[in-house]
Amino acid sequence: MVSRAVRLCGTESVDAPMQTLRAGALSAEFDNGALRYIRIGSTEVIRAIAFLVRDENWGTFTPAIEDLKIDQAADRFSVTYRATCADSARTLVYEARIQGEADGTLSFEVVAEPKTDVQTNRTGFIVLHPLEGVAGKAVKVLHVDGREEAATFPEAIDPMCPFQDIRALSHEISPGVWATCTMEGDTFEMEDQRNWSDASYKTYVRPLSRPWPYTLAKGQKVAQAVRLAVSGRLPAPADRGANKAIRIDIGKASGAFPKLGLGVSADEAAHSLDQIELVKRLGPKWLVCQVDLRKESSHEDLGAYRRLAEATGAEIVLEIITAGKPDPLRELKPLAAAVGQAGLKPSAIAIFPAQDMKSVLPGSKWPEAPTFEEIYAAARAAFPSAKLGGGMATYFTELNRKRPPADLLDYVTHTTCPNVHAADDRSVMETIETLPYQILSTRSFMGDRLSYRIGPSQLGCRENPYGRTTAANPDNKRVCLSRIDPRQRGLFNAAWMVAYAATLAHGGVEAVALGAPTGPFGHIYRPADFAQPYFDILDRSAVYPGFHVFAGLSRCSGAPLLEVRLSEKGRIAAFATGEAGKTVLWVANLTADEIVAEIPAVSDSSTGIVLMNADAFERLTATPDFLELTGAEMSGAKLMLDAYAVARITIN
């Protein structure tokens, strides 16, 4: 029997449960030393407050908590604990005290002491402000010199630091009610974390203009505090009752569903051909095939790419990473000749110099490289019949910081990674909230003329522009910036894919590449050098739950997209297409809890449903044609969705 943990998230490791703290209208979730989802009434005021210790590679220590004491009364709460952050090179211990009161005041105080010299890029508090009710809204900034500034939380994503030299931030959480967050002990500044797909604005210590890494000397104590105060009439405490059903209403036609594609790396091309019948069943409309000219073997897989295209009927897009030499045409001419000799006919190419594969901090100079104009002119000359894409092979962050000239391109592209700063289930799923802002921001500086393609994107980290390489994950856990994310193999990924595709579809993105045929980003199982619980005992025809989602969504490529309205955001995702007199509605539960969806459109219609949930996991993994062989009549308008369940509903 496969465990529920593996069914949902591909690993026996589970996120530790959070503990709710309450004081009148104030509530917060305590999560291994941090506070999350700080609310006044039902309004989220602060997404998180945490004291972090990060090493010289930006790796974040998981604190070992001791002497934890939680005191909960009707009108107040307090928490104290001792935490240790250590590895073979350093040890830092801190004492923390948290207090919350019924008047909405909250304090989080820390005194930290290095027990050895500690080399660090950042040690101190971070404060995350949420997006809902905050993005594009007014904020009052109190600077460390006492100066006050009336400003706005950015709506388009700021590539730099929106605010610097911060002592306090105040924003209106409801008419006449203001929340002020004060940060003490050092100078703070803010970055727009939506750059990295995080659903927050992050205020942190210390400014990036100061040298890093830096060393905290043994015995050199660090004292910091974050305090929240609320002015105005507080609302009543939030209702703790059962969650109401989420209503889904389907509206009129609005745009088209994007073309769905897959990414194929050189390492996975042969494996994909080994599973070609399953790849054909996935039905990708386009394949992003990478050619890395930094490697001597860069031309060897062109024949495999051609065979994949012939077998699937998919368009081929070559994602070309050049070595970044001064003459890009001299690099591209031999590749173009090899592409022709292989019989490969790419419909498009997207080209990126090696220098752009590593991120550059705001205010720093990008390394010397050929200009966009030189690179794109060389690409047009080498591949005159292919559409030309540009932007970044990495993430929106780098695109936002180094923007190509739109008039030289046919389309703009980038990928996303949902686990740059946090890898827990809720944070990863919340990155969906950021996608509309990335679309808005890209359109703001690239214009509306260009088509827009995103991907290949998936749960795992494809590239790490912020360090030497991606993070190892030998224990099959949730690890930031790792290629191996166990949730790729679980229902979590199936739900995430529905939410990702739905959000980009409603944002007008033309084409989306989600994952790969095989490998750590794959939808089809293959034996690998990392553990895959349950799947490692199956035969080679096994597939992951996301296989069926991709196959189903790919069939929607180009179909008329219908408006969908949800009575509550964040807990479910949904989209609908209409064609040939039928409406096809996809619904995904984005949480680990059961959710009831209410769909009025099915109450008086003949409706069929295919449900992908934990109970169906074994059939999902063993039955590639699950969508065709499984189905039932849906009676009534209400649908119960288990954790990370996905439903495809056909309304006649």
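## Asn613

In this predicted model, Asn613 counts as buried because its relative accessibility is 13%, where buried means under 20% relative accessible area with a 1.4 Å probe and protein chains only. Asn613 is located in the loop that joins strand E32 (607-612) to helix H12 (617-622); helices (H or I, at least four residues) and strands (E, at least two) are DSSP runs numbered from the N terminus. Leaving aside residues up to four places away in sequence, Asn613 touches Leu491, Leu620, Asp642 and Ala645, contact meaning heavy atoms within 4.5 Å.

## Packing of H9 and H10

Helix H9 (residues 435-446) packs against helix H10 (residues 491-506) at about 35°, and the axes are 9 Å apart. Axes are lines fitted to C-alpha atoms over the stretch in contact, and angles run from 0 to 180 degrees between N-to-C directions.

Leu435, Pro436 and Ile439 of H9 meet Tyr500, Thr503 and Leu504 of H10. By type, the contact residues comprise 5 nonpolar, 1 polar and no charged.

## Lining of the second largest pocket

Among the elements giving two or more residues to the lining of the second largest pocket is helix H4 (302-312). The largest share, 4 residues, belongs to E21. The lining residues divide into 13 nonpolar, 11 polar and 15 charged.

## Basis of the values

Residues are numbered from 1 along each chain as its sequence is written. Local features need pLDDT of at least 70, side-chain atom pairs count only at pLDDT 80 or more, and totals for chains, interfaces and linings use all residues, while side-chain values use heavy atoms, with hydrogens and water left out.

How values were computed: Buried < 20%, exposed > 50% of the residue type's maximum accessible area, 1.4 Å probe, protein only. Nonpolar A, V, L, I, M, F, W, Y, C, P; charged D, E, K, R; others polar.
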